[in-house]
Amino acid sequence: MPRTAPRICPLCEATCGLTLTIEGTDVTGARGDRDDVFSRGFICPKGAAFGSLDADPDRLRAPLVRRDGHLREATWEEAYDAIAAAVPALVAEHGAQAVGVVLGNPNVHTMAGALYPPLLVNALGTRNLFTASTLDQMPKHVSSGLLFGDPFAIPVPDLDRTDFLLVLGANPVESNGSLCTAPDFPGRLKALRARGGTLVVVDPRRTRTARLADRHLAPRPGSDALLLAALAHTLMTEKLAEPGPLAEHIEGLRELADALASFTPEAVAPACDLPATEIRALARDLAAAPTAAVYGRIGSCTVEYGTLASWLVDVLNILTGNLDRPGGALFPLAAAGPRPRPAGPGRGFALGRWHSRVSGHPEVKSELPSAALAEEIETPGEGRIRALICIAANPVLSAPDGRRLDAALAGLDFMVSVDPYLNETSRHAHVVLPPPPPSRSAHHDFAFNGFAVHNQVRYTRPAVPLEADRLDECEIHARLVLAVSGMHGAAEPSAVDELAIRATLSKETSDRHSPLHGADPEHLAGLLTGENGPERRLDLMLRLGPYGDRFGAAGHDTAGAGDDPGAGRSRGGAGTAGSGTAGDATTGAPAGLGAPDGDAGGTTHEAGLNLERLLAHPHGIDLGPLRPRLPGVLRTRSGRIELLPDPIAAELPRLRAALAERPAALVLVGRRHLRSNNSWLHNVPALTGGSNRCTLQVHPEDAARHGLTDGGRARISADGGSLDVPVEVTDTVRAGVVSLPHGWGHDRPGTRLAVAAADPGANVNQLLDGTRLDPLSGTAVLNAFPVQLAPLP
């Protein structure tokens, strides 16, 4: 008989709850979980295709090990033997920097990808870390780090309560949102308008999101920072800037006004190709709204001035008094994240603590630019990357100049891929470790709950048992940590989790601000529950998190006199978990699970979250709407919002010079499809075809100018080379702009992606040579770069 099981969807940032229909061990259907506390039954085509992805016949079932130049199936023991024989020896001979680590976007969609890569990098001791962040959101991390002192303190728009939403470079109706975790983003936008709110979309394409808007502005791509600077200038010069209660927490307001003096609407209008009157009107409407939020995403990040644009998004939220207020942009509080700490100065955020070997790119958030990976492999000399561990990443398609990287990967001494597919990148590996299908994995969103528009917590155990010949994804990662550490065969995978648990508890019990200060770490470790190491680690994070039970009375008793009553917040809650009899009216949390300690010295409510309690709520626990958290989130050296940090001030003259630059005649922007996510899902038949096509969208005027016809073909050229692509003539893209989607190019030999290879598309990033970067974040410029067009027969 068929049965059902809940599962959080891992296929995009919306994290919708699913109800899977299962017959035997096969997922035969997926629908939205109506009881899910966050998504309330919403589902998109990706979630509906969960079963097809889960059962994809091209998914690898067993490890692959390269023998005599060919990848062949092997046992798990043989795979880890090969890693243990190669990686420690390379490190011993050439040093830790001879190994690089690449983390792809899917890592943040799995528990294993969140829990183990930090342990892997630490075990290797390498600084050669490359992630999808420098192909996506790193500018937002940098701007948040400089403004607030914490690169993960990223405010999100309060979608469900705002009166005015300004969206730049984002198409959440099709992407489902990004750095703004919001199931049913389209429904939330419609609800905004239904309650009398205003939606303004800034995008060079008339996207599905733009069609919902009250106002759509289509500026020249890459001009977001100029537009935002003019909006900020208008707010200050017209005396519309009213930070309100934020004023006591900010510094640099006068300096900001001086720094932006040149960016008048009239000055930026030609570069943006927008009327100055329209820019002024937008600034005035933003200031006049009862509440408002400005939200910018990948179209404003992956451009030449991505960090400045990301910074100015929050400058506008600050100037209008909408940062950290309901209906504005607030800081989420994830249940498994760090608990609030006493307000006060922190260590701040630094850039460039080390630099890449070849081009001297500065480190950002312990990462180097993904665009620099190829040169770090192919350039001889001390510190050259000779081995690569690539986890859930396909940089041959996602990073600039895939041909160069493709050739560089072929020259590695050793490569490990953790990937369910033999794709354009993993085909170069010496060992491929395939994780099981998602139905056979547990799921908690460690990353995305930190960007959620509503505080909640959910966890789902595997819906289908793991086959005897497969390893759980967490165990695959734990064994990898042991293999590169020289501990293969000397310790069980569970030892990796226990070491992480004890390291966390040792730090916690040594922290004088912790309610567990002075407690016995071994005793606390013994109180953790869970069926395995990852669950015990989740239990630990929930207990120590902002809503956690702090180990209940046992944790409180062991802490004893070690508590510091003068540390700036009440220590209540450690011994009162579960004693409540009524729900907390402020947060909407269930009985006994109230709001966390107030960041600004507010009342401490009882808390009681742990794994056991979460398991009792298979559809999740509602932790209430977002609430103000300043000044507690600030970790700048001043303890205040540093409105004009030195690196930003030093970058503004470059933006000022752009006012006088002559714009390119034709530039390219990417686009997102509802049924796609980067290069992941092109092998699922249910998600191919229809509008999910790799076509070059061209405005009718540009098509006529270049002799192009709808359905014909064109050659598009830029810094990194040329591509031959099918043409789609449409007025949904503005004149002077063409659009080609990201994630395609499945035409290389040696892959096992039958469906994707049948309709390979073109790799848009091959048009780039990797030299175009946002200098502050190291993020590749993937949008708004100049291209040339020519017709093909």
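The model is predicted, with local features requiring pLDDT of at least 70 and side-chain atom pairs pLDDT 80 or more, while totals for chains, interfaces and linings use all residues. Residues are numbered from 1 along each chain as its sequence is written, and side-chain values use heavy atoms, leaving out hydrogens and water. Helices (H or I, at least four residues) and strands (E, at least two) are DSSP runs numbered from the N terminus.

**Sheet with β15 and β16**

- Seven strands make an open sheet with mixed pairing, in the order β5-β4-β17-β16-β15-β6-β7; two strands pair if DSSP finds at least two bridges between them.
- The edges are β5 (70–73) and β7 (129–131), each with a single partner strand, so one side of each has no neighbour in the sheet.
- From one strand to the next, the twist averages 15°; axes are lines fitted to C-alpha atoms, for helices over the stretch in contact, and angles run from 0 to 180 degrees between N-to-C directions.
- Strand β15 (residues 387–391) pairs with strand β16 (residues 414–418) in the parallel sense over five bridges.
- Within this sheet, Ile 389 stands opposite Val 416 in β16.
- Helix α5 (residues 117–124) lies across β6 (99–103), β7 and β15, and runs at about 170° to β6; contact means heavy atoms within 4.5 Å.

**Sheet with β21 and β25**

- Another open sheet of seven strands has mixed pairing and the order β28-β21-β25-β22-β24-β23-β29.
- Its edge strands, β28 (785–786) and β29 (788–792), each pair on one side only.
- Strands β21 (residues 667–669) and β25 (residues 737–739) are paired in the parallel sense over three bridges.
- Val 669 stands opposite Ser 739 in β25.

**Helix α13 and its contacts**

- The axes of α10 (residues 224–237) and α13 (residues 276–288) come within 9 Å and cross at roughly 60°.
- Helices α10 and α13 are therefore oblique to each other; angles under 35 degrees count as roughly parallel, over 145 as roughly antiparallel, 65 to 115 as roughly perpendicular and the rest as oblique.
- The crossing of α10 and α13 is right-handed; a crossing is right-handed if the near helix is turned clockwise from the far one by less than a right angle, and left-handed if anticlockwise.
- On the α10 side, Leu 227, Ala 230, Leu 231, Thr 234 and Leu 235 meet Ile 279, Arg 280, Leu 282, Ala 283 and Ala 287 of α13.
- By class, this contact of α10 with α13 has eight nonpolar, one polar and one charged residues; Ala, Val, Leu, Ile, Met, Phe, Trp, Tyr, Cys and Pro count as nonpolar, Asp, Glu, Lys and Arg as charged, and the others, Gly among them, as polar.
- Helix α12 (residues 265–272) and α13 have axes that come within 8 Å and cross at roughly 115°, in a right-handed crossing.
- Pro 265, Glu 266, Val 268 and Ala 269 of α12 make the contact with Ala 276, Ile 279 and Arg 280 of α13.
- The contact of α12 with α13 has five nonpolar, no polar and two charged residues.

**Helices α20 and α22**

- The axes of α20 (residues 494–510) and α22 (residues 533–544) come within 9 Å and cross at roughly 15°, which makes α20 roughly parallel to α22.
- The crossing of α20 and α22 is left-handed.
- Residues of α20 in the contact include Asp 497, Glu 498, Arg 502 and Glu 508, and those of α22 include Arg 536, Arg 537, Leu 540 and Leu 544.
- By class, the contact of α20 with α22 has six nonpolar, two polar and six charged residues.

**Aromatic pair**

- Three aromatic pairs are found in a search of the whole structure; rings of Phe, Tyr and Trp (its six-membered ring) pair if their centres lie within 6.5 Å, and planes under 30 degrees apart count as stacked, over 60 as edge-to-face and the rest as tilted.
- One of these pairs is Trp 76 with Tyr 80, stacked at 6.4 Å centre to centre with 25° between the planes.
- Trp 76 and Tyr 80 are four residues apart in helix α3 (residues 76–94), and so are separated by about one helical turn.

**Backbone features**

- The peptide bond from Leu 630 to Pro 631 is cis, with omega near 5°.
- Pro 631 is in the loop between β19 (621–625) and β20 (641–642).
- Asp 273, a residue other than glycine, has a positive phi near 60° and lies in the loop between α12 and α13.
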